[in-house]
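Keep the sequence and the structure in view while you read.

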2 protein chains.
Amino acid sequence: MNQQNLPQGVSAQSISLRLGHPDPATLGTPQFREAVANVMASPQVQQTLAYGNEQGNVDLIDYLVSRINREQNLNLSANNVTITAGSTNAVDMIARLYMRAGDAVIVEAPSYVDSLHVFRDHGVRLYGAAIDDEGIVPSELERLLKQLASEGNKARLLYTIPNFHNPTGISASEERRIAIVELAWHYDVLIVEDDVYRDLAFEGAVPPSYLALAGDAHAVQIGSVSKTIAPGLRIGWMATSAERVQCFVDCGTTQMGGGANPLAAQIVAEYCQRGYWDAHLDSIRALYQQRRDTMLAALERYMPSQVRWTKPAGGFFVWLTLPENLEAAEVKEEAAKRGVLVASGEGFFVNQGDGQHHLRLTYSFASLDEIDKAVRILGAVIEGKTT
Amino acid sequence: MNQQNLPQGVSAQSISLRLGHPDPATLGTPQFREAVANVMASPQVQQTLAYGNEQGNVDLIDYLVSRINREQNLNLSANNVTITAGSTNAVDMIARLYMRAGDAVIVEAPSYVDSLHVFRDHGVRLYGAAIDDEGIVPSELERLLKQLASEGNKARLLYTIPNFHNPTGISASEERRIAIVELAWHYDVLIVEDDVYRDLAFEGAVPPSYLALAGDAHAVQIGSVSKTIAPGLRIGWMATSAERVQCFVDCGTTQMGGGANPLAAQIVAEYCQRGYWDAHLDSIRALYQQRRDTMLAALERYMPSQVRWTKPAGGFFVWLTLPENLEAAEVKEEAAKRGVLVASGEGFFVNQGDGQHHLRLTYSFASLDEIDKAVRILGAVIEGKTT
């Protein structure tokens, strides 16, 4: 997902509202470079550069366990968390170890395009459960669970992004989460909670996690530093039952390569233990909140009245719904010609047609002026196509 | 694969001939730390810490392409190489993208235990082709290929470790490689050449690679810096056809997480471009050659006459064949009680029983004195059990 991979014919001077990337200016801070220097100067550096403990860097696990317990009011132990090579590696391991080709996986409609892709690479069958402004609609999920059970292809896994959802930016309400957990218990479905945006809440605490509500036997929570420290480290984690962590530790890739990214994990542990992550989060939350505010204000100002959009309380994304007579792909193409890059909705749905009137806008990557300008251009493109 | 994970009841003071790890003393050299410092001080550091180019770090790809072309007399382009998170990630991607549960994969008998594990996690069926001191026995491979074809489960992939093979230490002769390639062409089997030990040749150049002999349409070559720079970086690569590289780039995990380990890859690129890898290889080849010599001399001195062993020309491993009345598992257990850790043969075979009279000894990890002492103890254990 490199910024350099632009659509053909698009100049690098375009404004990108396209990708879920942190602002590069937030990466490689003096505190981060200090953490790297400390790791390299440590007498333990040779151990850090060897094959790592299979479960992952123990300092980082300890840090994460106490953080998760504090923030989510849980009582996890070190054997409930394993380090992964980003959330990507987590989703892939879950699919590899708990799914077989043909198995049914339920995802939100829409959901994160690249996770759908990872699941598809394992040959699983994906089914989309409708969401609204409060998250997955329980009656829709139940209908789908019943239907799959009656077809003899019981759903085994529900993949959900509860906080500042990709692509819509919405967060599931506590009431909804409780209803979803009850369905997951009843139908014996594992909840995979991809929670990589949880640290980017602009307006107070997020609701209780699925891990907390469902219990670690029924949920895997995925976290990452990619959105808040640096994606180039490839460091994430899973929190779940000790039994499931042991399964990840015992699998072929972990036994072959050892724990995930030992050097990067030690750098993250050093950075976090010094308190730099929390300070950095305060700073980037303020940055991204300002960008969200600018984007929402620009949408109010420039969008034709038929266009609707979400109002995220954190994360990176706003989701636009266009009038039914407008094709998102055409708007995307025309906007790109005018120097504004956005993602159109099709790829985010199991049934691609469901996304043809949607656009995802990212406010994490562009400056305030660029956001205002890009939304103004996008508004003009949409206006031009509706009239 | 962590050194700390010792069998129960075994003291950390034991001598380990057990794991395929580089000597930790060879890691984190001043040159390596210089490379890290240069990367962190570079004006490009924010780009390095962002999501990486999907195919992998372009500087490292350029370096590897010219190195591979020079050493293997090839004419690859940049689109023939992709960076992976170690050889582990390479084997896993191949299994994920080119295999489905139930597909037939042929491996050497014996082969690398953890690769077998990765393949098994994908539900593929493994079949072992016999090897001798010159590599895979072509008549045995052909028999297996015919048998699988007649059963309607045509083999799709041959996984082989041609140089300084894990676990036996043997290298396939050029004549054998040519015969294997002809079979692979005839039966349309993809050769996956796991070549992570090729840089550790003690006695001149290795024979032509499968990639060179079979052509990139018929082979994937896997390389890694784990044995020679640092396993904790998790950096490897695949060299194959441009079409297959594009498939790896287009897959879900690459699209989701970007190219493999951007920070670590930039460090390796910086280290290699400065010529530090070549100089380091000279130094560690001398180190490991001395250890191999010490182990072979100790085996001559201490082993009962009924024991046979391989004489590797590079890499990390010697493979012992015990008399048929001796169980490797019992020898391993007794040796561990006396402070010597070795790997017994069972796990290296598809049919575990085939390994019950074999031991793998690693000379990369222990000092010369420790190697001599450990082989002396092991000889006494075997002597005690044969008389």
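## The model and its two copies

This is a predicted model. Two copies of a chain are related by a rotation about an axis and a shift along it.

Through which surface do the copies meet? Of the interface residues of chain B, 100% are also interface residues in chain A, so the copies meet through the same surface.

## The interface

Chain A gives 61 residues to the contact, and chain B gives 61 residues. Together the two chains bury about 4,900 Å² between them. Carbon and sulfur atoms account for 60% of that area.

Polar atoms also take part. Between chain B and chain A, 28 residue pairs are in polar contact. On chain B, several helices each supply at least two residues of the side that touches chain A. They are α1 (30–41), α2 (45–48), α4 (86–98), α5 (113–121), α10 (252–257) and α11 (262–273). The residues on this side of chain B divide into 24 nonpolar, 26 polar and eleven charged.

## Salt bridges across the interface

Side chains of opposite charge can pair when their charged atoms come close. How many salt bridges cross the interface of chain B and chain A? There are two. A:Asp92 forms a salt bridge with B:Arg96. Their closest N and O atoms are 3.2 Å apart.

B:Arg96 also has a partner in its own chain: B:Asp92 forms a salt bridge with B:Arg96. In this pair the closest N and O atoms are 3.4 Å apart. Both residues lie in helix α4 of chain B. They are four residues apart, about one turn of the helix. Are they buried or exposed? B:Asp92 has 2% relative accessibility and counts as buried. B:Arg96 has 3% and counts as buried too.

## Salt bridges within a chain

Over all chains, the structure holds 36 salt bridges. One of them joins B:Glu71 and B:Arg198, with the closest N and O atoms 3.9 Å apart. B:Glu71 lies in helix α3 (residues 58–72) of chain B, and B:Arg198 lies in the loop between β7 (190–194) and α8 (210–214), so the pair ties together parts that are 127 residues apart in sequence. B:Glu71 is partly exposed, with a relative accessible area of 38%. B:Arg198 is buried, at 14%.

Another salt bridge joins B:Arg292 and B:Glu203. Here the closest N and O atoms are 2.6 Å apart. B:Arg292 is in helix α12 (residues 276–302) of chain B, and B:Glu203 is in the loop between β7 and α8, so this pair ties together parts that are 89 residues apart in sequence. B:Arg292 counts as buried, at 6% relative accessibility. In chain A, a network of salt bridges links A:Arg67, A:Glu71, A:Asp195, A:Arg198, A:Asp199 and A:Asp278.

## Two residues that touch both chains

Start with B:Met40, which is found in helix α1 of chain B. B:Met40 is buried, with a relative accessible area of 8%. What does B:Met40 touch, not counting residues up to four places away in sequence? In chain A, B:Met40 touches A:Phe32, A:Arg33 and A:Val36. In chain B, it touches B:Val45 and B:Leu263.

Next comes B:Ser87, in helix α4 of chain B. B:Ser87 is buried, with a relative accessible area of 11%. Leaving aside neighbours within four places in sequence, B:Ser87 is in contact with A:Met256 from chain A. From chain B, its contacts are B:Val196, B:Ile222, B:Ser224 and B:Gly236.

## A helix in chain A

Finally, look at helix α5 (residues 113–121) of chain A. Its buried residues are A:Asp114, A:Ser115, A:Leu116, A:Val118, A:Phe119 and A:Asp121. A:Gly123 follows this helix. The phi of A:Gly123 is positive, near 75 degrees.

Definitions and conventions: Residues are numbered from 1 along each chain as its sequence is written. Chains are lettered from A and ligands numbered from 1 in the order in which they are written. This is a predicted model: local features need pLDDT of at least 70, side-chain atom pairs count only at pLDDT 80 or more; totals for chains, interfaces and linings use all residues. Side-chain values use heavy atoms; hydrogens and water are left out. Contact means heavy atoms within 4.5 Å. Buried area is the accessible area (1.4 Å probe) that two parts lose on being put together, summed over both. A salt bridge is a side-chain nitrogen of Lys or Arg within 4 Å of a carboxyl oxygen of Asp or Glu. A polar contact is a pair of N or O atoms within 3.5 Å; within protein, one must be able to donate a hydrogen and the other to accept it, and residues adjacent in sequence count only if both atoms are side-chain atoms. Ala, Val, Leu, Ile, Met, Phe, Trp, Tyr, Cys and Pro count as nonpolar, Asp, Glu, Lys and Arg as charged, and the others, Gly among them, as polar. Buried means under 20% relative accessible area, exposed over 50%, partly exposed in between (1.4 Å probe, protein chains only).
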